[in-house]
Amino acid sequence: MAESEPTPSSNPVLWVAKPLVTAARQFGKSLFRPSTIVYPFERLEDPKFRGAVRVAPGKPIGVGQVWDNYRGVHALNIDTCISCNLCAFSCPDLCIDMVTVPGGDPRHPKKCPQIDYGKCSYCGFCSDACPEGCLTMTTRYELSVSKRADMIYSPERLREVFNAKLPMSPIRVERPKNEDAILLDAPLCIGCNACARDCPTKCITMVDLPKPVPKGGEKLPKRIWKEPVVNDSDCVRCGTCISVCPKECLFWGTHR
Amino acid sequence: MSEMWINMGPQHPMTHGLWNLRVKIDGEIVLDVDPEMGYLHRGIEKISEDRHYNEIITLMDRTCYVAGIAWEHLFILAAEQALHVEPPERALWIRMLSEEFQRVASHLMWYAAFVQDIGLMSPFLYGMRDRDLVLDLFQSYTGGRLTYEYMRVGGVRNDLPPGFAEQARKVCDWLLDRFVEYDRLCSGSDIFHRRCDDLGVVKAQDCIRLGITGPMLRSAGVPRDLRKDRPYAAYDRVDFDVATAETADVTGRYVVRMEELRQSVRIIRQALDWLDKNPGPVMADNVPRWMGAPYAPVGREGYLLKREYPKGVGFSAIEEPHGEALAYVVNEGGEHPYRVKLKSPVFVNLSAARHYLVGYRVADIPPIMGSVDICVGEVDR
């Protein structure tokens, strides 16, 4: 069943010779056009490997090599981070912790992402989610460490990566035009100011409500006569206000 | 004669992954085989029930680690149906382009692994080298080389970068040259034919009865290709032929895959031409932001905030590099899918091992199993 009759016409010398000719041609080509680079003495991100397709003679094979939108180690610009938590929310591996960094208001400390690269899958969702563009992914790909604790990059270490001025992805993911907005269930609101206080972009303002005059024996609800108004153009949709609302009167909804 | 069962695997070069083939032999002749899968089960379907739709994409890349974008495409097609989202046309073409590039990369990976199974070393290096060109292209527009995380419900993450089409065309030209040399090394060689002809034969009737799909089915002469028979993305608007062979053996599968590589390059060129002429958005407008980008703001107690959206059921079937893959997504109105079911083509092809291994010799098992193109990640899921 498995045996097949050898073709009588073919010459056994040709069986070996024909593939060898192809292999020899490949060998000859590889002398002028290497397939590999001498890492770590040469690196893919070196300027000479960037740019066009390397199928020309004298250059190693490859396509533009490490392009700028490679997803490697993150870079964090702490100064522009607004502590909106969106990177931590969007992380499918839960590898981002928001940790306190110095320089914030003592009552509301500034929190920036700390990334555990032992868990990170480099999906890039965090940098896609970042509304300020301060958390980006760089072309750095060398991560080996000798201690497991070194896999955790604190905000300061991520800032060092940022300060190294590595090439960063030019791609910015477009925001969908039809965004959910923060809506208010007005009768539940007690005007406590928690949402406006914690809003990272300060896009919530508390406006005064006219205090109604009680009619007859009607009892007015105990509340501060203020109501949050969200400035939709500044809102980054982080949901912090929804999280802090004590009466759960803020919710996501389609825009009015 | 003395009969005995031996284990080929789970740590055996033949297995290309983590599975076990129990073989009952009498001397050199295989009397019975019993494939055992499940060593790489990660519960992807179950984890998907606890994840946001866009977060599942990260799992789909890991379902089949040599054809990640094909599985992303499969899931996204089903998820869009379940969520009633219509992607823009340009996104469809970019997805088709990505899937064809993935098919080229996957088949080159198969070529590299398969030729090593039949004892050739140089073609292995050639195949891996040329696959790297495709991975470089992937890296240039998705940002990843193996796990792409590129597709989103309602479109794709980003448009192709400037200069991509030019580079991709150069790679296509380069690859077509290479395919000629592959054929010189393998199908043009008498040694290859002596090794692989009439090996692992499954006739068309048996293939259909067993549910075998993909290049294995087409090598038996059945022109079954979901890209033609049930067009998705933009496959109904490109010209290509379904590669078939008549021999139904290992050589036939080789011939089919080599022809598919050429047809993929043909589709890629048409897609690049179309994408040059038709700029436009790559993300649907009517997608809520949390679905377009992977946002899942948590509530006060740490649970996900509930948001309303229409219920639905999605089913998709694509011609994955290994065969026909199916996905079924049920959306019950929550933040997560209620159920995700994936059907892997390799699982079916592998389960039928008894029908193409029995009667051959033990030394024939590696070439036959190599020609099946095994990806254990998608077998066990």
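The exercises below, with solutions, concern a predicted model.

**Exercise 1.** State how many helices and strands chain A has, and what share of its residues is buried.

Solution. Begin with secondary structure: chain A holds 6 helices and 9 strands. Then take burial: of the 256 residues in chain A, 30% are buried. Finally, consider contacts in chain A between residues at least 6 apart in sequence: 73% of them link residues at least 24 apart.

**Exercise 2.** Locate the domains of chain A and describe the contact between them.

Solution. First, the domain assignment places domain 1 of chain A at 74-163 and domain 2 at 181-210 + 222-253. Next, the C-alpha centres of these two domains of chain A are 27 Å apart. The contact draws 6 residues from domain 1 of chain A and 5 residues from domain 2 of chain A. On the domain 1 side, the touching residues comprise 4 nonpolar, 2 polar and no charged.

**Exercise 3.** Determine how helix 4 and helix 11 of chain B are oriented to each other, and which residues meet.

Solution. Step one is the geometry: the axes of helix 4 (residues 89-117) and helix 11 (residues 250-277) of chain B come within 9 Å and cross at roughly 155°. Step two applies the cut-off: angles over 145 degrees count as roughly antiparallel, and helices 4 and 11 of chain B are therefore roughly antiparallel. Their crossing is left-handed.

Step three is the contact. Residues of helix 4 including Trp93(B), Leu97(B), Phe101(B) and Trp110(B) meet residues of helix 11, among them Leu261(B), Ile268(B), Leu272(B) and Trp274(B). By class, this contact of helices 4 and 11 of chain B has 15 nonpolar, 2 polar and 5 charged residues.

Key: Residues numbered from 1 in each chain as written. Chains lettered and ligands numbered in written order. Predicted model: local features only at pLDDT ≥ 70, side-chain atom pairs only at ≥ 80, totals over all residues. Domains from an automatic or database assignment. Contact = placed C-beta atoms within 7 Å. Nonpolar A, V, L, I, M, F, W, Y, C, P; charged D, E, K, R; others polar. Axes fitted to C-alpha atoms, helices over the stretch in contact; angles between N-to-C directions. Helix = DSSP H or I, 4+ residues; strand = E, 2+ residues; numbered from the N terminus. Parallel < 35°, antiparallel > 145°, perpendicular 65-115°, else oblique. Left-handed = near helix turned anticlockwise from the far one by under 90°. Buried ≥ 20, exposed ≤ 12 C-beta atoms within 10 Å, placed from the backbone.
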